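Here's a quick briefing to read with the model open beside you.

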Amino acid sequence: MLRDFRKKILKSPISVLLPVSGLIILGLSTLFSITTTTQGQTPLNALSKQIIFMIPSLILMFIILLTPRRIIHKYIYLIYGCIIIAVTLPFFGEKISGTYRWINFGLPFGLQPSEIAKLIIVIALARYLSDHTLKIKNFYAIVVPFLIVLFPTMIVLSQPDLGTAFVMIIPVFTMLFWIGSRPIHLFLIIAPLLSVFTAFDILVFSIWATIMAVVIFLARLKLWHALGLYFSNIFLGLIFPLMWGSLRSYQQNRLLSLFNPELDPLGAGYQIIQSKIALGSGGFMGKGWGQGSQTHLKFLPVQESDFIVSVIGEELGFLTLLIMLVLFSWLIIKIIRLALDTTDRFSSLVLVGISTIFLTHVFVNCAMTVGMIPVKGLPLPFISYGGSFLLSCFMMVGFVLNFGREKLD
Amino acid sequence: MIGVVVLVHSALAFRFFQLQVLDFDIYNQRAENNRIRAMSMPAPRGLILDRHGEIIVDNYPTYILYGIGAEIINKKHNYNVISQSTGIDTTVLKKNYQNYYRNRFVPTRLAKDLTINQLSRLEEEKNELSGIIYKQFPERVYNQKIHASHVLGYLKEIDRQSIGKLGEDNQYEYGDLIGWSGIEKNYESSLRGKKGVTYYQVDAFGREAGKIFGQENILPYPGKNITTTLDVSLQQLLETELRGRRGVGIVSRPETGGILAYVSAPNYNPDLFTGLISNSDWQSVIADTNRPLLDRAANGIYPPGSIFKMVVAITLLEKKLINPQDEIFCPGSYEFYDRTFGCWNQNGHGKINIEQAIVQSCDVYFYEVIQKIKLDELAEAAKQFGFGLETYIDLPSEMKGIMPTQQFMNRLYGRWGWSQGALLNMAIGQGEILVTPLQMARYINMLATKGKTRTLHIVQNKNHNIPEPNISNRSWNLIQKYMSKVVTAPQGTGRLSNPKIPGLKIWGKTGTAENPHGEPHAWYIAYGEKDGEMISVVILLENGGHGGEMATPLARNVFKHYFNSNRTKLAKN
């Protein structure tokens, strides 16, 4: 038995752990810098909590690593059901910082089931896509996969947690693409959303309408389908501003704040400005570990989680951020390579989904800190402070080690 | 797909490079600005002193309470706690917070003028309060013996509109105090001083996080003290004399124009404007029909009545149109075409010359002699004494009064709408002539110095001296003789003004100005001299009755107080 385990571990793509440990060290040392100079230290500060969370994370990683794949395959729908219930549980608890994200067990920290839900959804989706021999070139074949994802996504969206909802929805596209879905179909799914969003600016909408026309033309759909799709999208874009105008202003605000929770000018705008100042003032080599004035004078908001990149950028400089990005790309490319190497469809789909989750997190988080996209509260894998997220990251590493292994069982 | 990963990471790396390497200088500068906060330190305003160096306006430390939006946890709770321990109404706190709010990180003023007492009670509740801080602020405090409210003026919090009007380079920030009237306004630039700056490191919540090495604070430069020509004890006496009345008292030194006492009654407590007084007291000042806020000395205009007669007398004497010996019979009234002009003494003064006409203030004499000249000649002469002209006293506002000319009358009534009868009225200082008590102070000073007086002032002469009237020494001497008789003669209307101090000589003239508002205004202008030291007095009692009976005793008390007290030799300013 033990020997079996040893064999399992040794056959795993352990090199994945190299970038992971590099990122963990970077994250912990940054948290150490933040917490040492913070006034009014509590015994359970961000750093010690993070270290404590490492223990269950590593244990879970090993458990997942050792669990036979067919067991995962067998029970994943059940787990999927459980996680959907778990995601709805916070609604019965009390609101924390204006959202229903956490379940409180009376511990000094809460658990965020939506963090775990992301990867469960990916695995459940992988099973669906690998079990059924779908006529994947057919548009209607991608409807069920979307439903699998959309159901929990809508729940998370109403918590509200736009960032996590975004991370949940993205892997569907890569996974469908992976198994050969036509890109035009994926495009058609995003099209109505884009039609709605671009409708507010006549120029942007015209550009969008042109792009859409070109894409639909190149896709060589049946004329009847092409015209129908095109004009229903245009119609949607035209009708939406009218519908929007008929809403009362508080209703508009309620919808807008769903997509941009920090609508107040001192919120998001302030955070981005401070984040850019912190990053920019770090320069090439940084101000030195523990020397960041923006960090330690608390100009930088949510610095231990969402804006931790700004802390690294300020104190350790561009060079360290570059190393960090190299580590991330190493990790993600490694996972994709593993997906390419596996012959098993289920495994490769899981790996593709996980790599997508990582990539989305890295992109959204970094792009937000440098002001490329609006503020969305998404943490940076292995580096940001946050128990549930750390747990889910190591679970994903566990899955990568497990599914990336050459076939043993 | 690997390509996508590389692309995403390269895009991010490029953006980091752009921010951290290319734009490093910009952001580094902004980071410095971010953590260094400069806070202005108020400069203590200059003190205002009297001529003997006694402090009239001082500063004392008060405390201002601020709330910091970002740190306040429960606003309502804070308001309640503050209200309970200081007695300030929660609605006031709420209103202030809204008025002064700039952003979440800048302290917003909640209340001012907190006493040490209120502060210590607040300190006990400190654990209950979040985001509440206080700062010391030098506040004006006034000499309790006197009000002198119209001279001193008051400070006002400057509003955004006014800051804009002051031009670009002014130092003022919203909520700063600025001299808004009186000498606080006129001497604002020297009293104000220069604000200092404290630099300190702050965290994102604006909380002080230590000093910055190598960055020296700029200390505030206190405002200059201002020594006025006022005399606190005389001011106090005059304020006491005028208490409960409506009127004006001005005491000055004819040779210099320096004002010793300046009272416009009723006045108000200058503390009113520092916020130490309750709202209801403030309302009572505003609603007072006696208008205590009005500075009657500079901005009240009144008919001069008989005190104008010296202008007529001098003019006629100068033009040799009357002889001091010439007598006119006064039967108590005067017929002029179809109109009858009364003398104040309905029984008549009998046969009377110019001396007696001034001593007993006979009107009929002046009705008769004024007809020898034209209105414009009279106006020209009156202008030499400053009628219808500003005194250029160093206060922010004053009225010019009216000295009518032919043109003025034509404009007012039309070419044929007025007649010679108007001139008769003006001969006794009635009709369209209107003067301010300050103009009368200058007038009496000219009479006292034979035209060699200087511009009236409270701090310093602004060099707007009106030219010396072109009047012969003979006329001056005659007029001064008559004015002396007003006080010394048994029938003299100003005899009650004599405190009978050996060596003290007094010259004066009473006035009883008829007006449409009821009882006549009582006037008395006089000057007294003893051992080469001279002061002049102007008394006006609105609707006070006869000048000779009502106004003269006030002047007597001023003379008595001034020449009796064993004061040290005064500085000649």
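The buried residues of helix H3 in chain A are A:Leu47, A:Lys49, A:Gln50, A:Ser57, A:Met61 and A:Ile64. Buried here means 20 or more other C-beta atoms within 10 Å of the residue's own, exposed means 12 or fewer, and partly exposed is in between, with C-beta atoms placed from the backbone. Keep in mind that this is a predicted model: local features need pLDDT of at least 70, side-chain atom pairs count only at pLDDT 80 or more, and totals for chains, interfaces and linings use all residues. For bookkeeping, residues are numbered from 1 along each chain as its sequence is written, while chains are lettered from A and ligands numbered from 1 in the order in which they are written.

**Helix H3 of chain A**

- H3(A) covers residues 46-66, where helices are DSSP runs of H or I with at least four residues, strands are E runs of at least two, and both are numbered from the N terminus.

**Confidence**

- Overall, the predictor gives the complex an ipTM of 0.78 and a pTM of 0.58.
- Chain B has a mean pLDDT (the predictor's confidence in each residue, from 0 to 100) of 85, and 90% of its residues reach 70 or more.
- Within chain B, confidence is lowest in strand S1 (residues 36-41), with a mean of 66, and highest in strand S10 (residues 247-252), at 96.
- Residues 568-573 of chain B have pLDDT below 50, and this stretch has 6 contacts in the model beyond near neighbours in sequence; a contact means C-beta atoms, placed from the backbone, within 7 Å.

**The two chains in numbers**

- Chain A has 16 helices and 2 strands, and 44% of its 409 residues count as buried.
- Chain B comes to 21 helices and 18 strands, with buried residues making up 42% of its 573.
- Among chain A contacts between residues at least 6 apart in sequence, 71% join residues at least 24 apart; for chain B, residues 24 or more positions apart account for 72% of the contacts with a separation of 6 or more.

**H15 against H16 in chain A**

- The axes of H15(A) (residues 345-369) and H16(A) (residues 387-403) come within 10 Å and cross at roughly 150 degrees. Axes are lines fitted to C-alpha atoms, for helices over the stretch in contact, with angles from 0 to 180 degrees between N-to-C directions.
- H15(A) brings A:Ser347, A:Val350, A:Leu351, A:Ile354 and A:Ile357 to the contact, and H16(A) brings A:Met396, A:Phe399, A:Val400 and A:Phe403.
- Those residues divide into 8 nonpolar, 1 polar and no charged. Nonpolar covers Ala, Val, Leu, Ile, Met, Phe, Trp, Tyr, Cys and Pro, charged covers Asp, Glu, Lys and Arg, and the others, Gly among them, are polar.

- A:Phe382 sits in the loop between H15 and H16 of chain A and has a positive phi of about 70 degrees although it is not a glycine. Buried or exposed? A:Phe382 counts as buried because it has 26 C-beta neighbours inside 10 Å.
- B:Arg291, also not a glycine, has a positive phi of about 50 degrees. With 14 C-beta neighbours inside 10 Å, B:Arg291 counts as partly exposed.
- The peptide bond from B:Ala265 to B:Pro266 is cis, with omega near -5 degrees, and B:Pro266 lies in the loop between strand S11 (259-265) and helix H11 (279-287) of chain B.

Definitions and conventions. Two residues are in contact if their C-beta atoms, placed from the backbone, lie within 7 Å. The expected span of a helix is 1.5 Å times one less than its number of residues.
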